[in-house]
Amino acid sequence: MAKGTVTIQTDRCKGCGLCIQACPQHVLAFTEEFNARGYRPVQLDERAHACTGCGVCAVVCPDVVFTVYRQPARRAA
Amino acid sequence: MNILLEHETPATDLDQMEIVYQRPDALTDLATHYCPGCSHGVIHHLIAEVIDELGIRSHTIGVAPVGCAVFAYKYFNLDSCEAAHGRAPAMATGIKRVLPDHIVFTYQGDGDLASIGGNEILHAALRGERITVIFVNNAVYGMTGGQMAPTTLAGMKTTSSPAGRNPLTQGYPLHLTEMLATMPGVAYAVRRSMHSVAETRKTKKAIRHAFTAQQQGLGLSIVEILAACPTNWHVEPADALDYIRDRMLPEYPVGDFKVSEGLGDRRLGD
């Protein structure tokens, strides 16, 4: 199971790609389709399971399209 | 509306995860009008996060500038007003004096603050007004089409300096924050940059310190932020960050030019 994930408000994304460049796990890519504003938004690609929910994408995003989720820290057994 | 895309973790998994980042309360739910890759959007959410973390949204008042960020009052979910071009520090002075228990900040670009508003910021600093100034420096006039600003780099091509800014006839770049740091009324004067994730996080800390300085009544606090303008620099958004690092940083080094000794949570990191 992925350590974390993100949801993306694709209708808000302007396709600047800053998150793609910043993502340390390289799990973000542009979609093939255009959104209503005429941009190609980002999405998690087939490596989505590698997302750690670090939130770097949310830091650099000018349009605040990311909501970042992370697995709660596992308690010691 | 959050859209879950094909490759994302199914929604059932999201229930078991905790949210570590979401849209700050201090931002409204409007899409911004900024160009793709513009640093204004990032700086907006950094300020909003700081306001949320400090819990001051109910008594914070923003003053929007003229320039690209003219609609900042629509994007911040708090009381705001719109100042005449460059006059945000004067307006903030009035608001702060009438409502001294409120936190008042101005959000200004370099054309607004360093050019037409040079007089206002200078004298607000001399008076030591207890306001916070967020100074977004992208070295051009953005909204009007990329003309030369006082902060434009020597040799930089703009629509009004097509051969590159020649300091002999068009002057040298203005280092406003260093200038303000010499004034006794200024409590906090620093420059930060947006060219990397680490620097962006440092920018957020600096904004936090600037608001804290105002809460402690120490004087005027200013954070200059080197910001990307991909449209008027005619580069891709990702390349604009390299432009900040390679071209702007040598002229405008990041650093703390003045930090008042009384500033409380200075040790929280920088």
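In strand 5 of chain B, which residue is the bridge partner of Thr106(B)? It is Val133(B). This is a predicted model, where local features need pLDDT of at least 70, side-chain atom pairs count only at pLDDT 80 or more, and totals for chains, interfaces and linings use all residues. Residues are numbered from 1 along each chain as its sequence is written, while chains are lettered from A and ligands numbered from 1 in the order in which they are written.

Let's start with the sheet in chain B. Seven strands line up there as an open sheet in the order 3-2-4-5-9-8-10, with mixed pairing. Two strands pair if DSSP finds at least two bridges between them; helices (H or I, at least four residues) and strands (E, at least two) are DSSP runs, numbered from the N terminus. At the edges sit strand 3 and strand 10 (255–259) of chain B, each pairing on one side only. Neighbouring strands of this sheet are turned by 15 degrees against each other on average, direction ignored.

Here are some of the strand pairs.

| Strand pair | Bridges | Direction |
|---|---|---|
| strand 2 and strand 4 (residues 103–109) of chain B | 4 bridges | parallel |
| strand 2 and strand 3 (residues 79–82) of chain B | 4 bridges | parallel |
| strand 4 and strand 5 (residues 132–137) of chain B | 5 bridges | parallel |
| strand 1 and strand 4 of chain A | 5 bridges | antiparallel |
| strand 4 (residues 66–70) of chain A and strand 1 of chain B | 3 bridges | antiparallel |

Now for strand 2 of chain B. 5 of the 5 residues of this strand (residues 60–64) are buried, so it is largely enclosed by the rest of the structure. Buried here means that 20 or more other C-beta atoms, placed from the backbone, lie within 10 Å of the residue's own. Both faces are covered, with Thr60(B), Gly62(B) and Ala64(B) on one side and Ile61(B) and Val63(B) on the other. Gly62(B) stands opposite Phe105(B) in strand 4 of chain B, and Val63(B) has Cys81(B) of strand 3 of chain B as its bridge partner.

What about the helices? Helix 2 and helix 9 of chain B pack at an angle of about 50 degrees, with their axes 9 Å apart. Axes are lines fitted to C-alpha atoms, for helices over the stretch in contact, and angles run from 0 to 180 degrees between N-to-C directions. The two helices are therefore oblique to each other, a label for whatever is left once angles under 35 degrees (roughly parallel), over 145 (roughly antiparallel) and 65 to 115 (roughly perpendicular) are taken out. Among the residues making the contact are Val42(B) and Leu46(B) of helix 2 and Ile207(B) and Phe211(B) of helix 9.

Finally, the two chains meet. The contact takes 33 residues from chain B and 39 residues from chain A; two residues are in contact if their C-beta atoms, placed from the backbone, lie within 7 Å. Elements giving two or more residues to chain B's side include helix 2 (39–54) and helix 9 (197–215).

The chains also share an open sheet of 3 strands, in the order 1(A)-4(A)-1(B), with antiparallel pairing. Strand 1 (4–8) of chain A and strand 1 of chain B stand at its edges, each with a single partner strand, so one side of each is left without a neighbour in the sheet. Within this sheet, Thr5(A) stands opposite Tyr69(A) in strand 4 of chain A, and Arg70(A) has Glu18(B) as its bridge partner in strand 1 of chain B.

Note on methods. A residue is buried if 20 or more other C-beta atoms lie within 10 Å of its own, exposed if 12 or fewer, and partly exposed in between; C-beta atoms are placed from the backbone.
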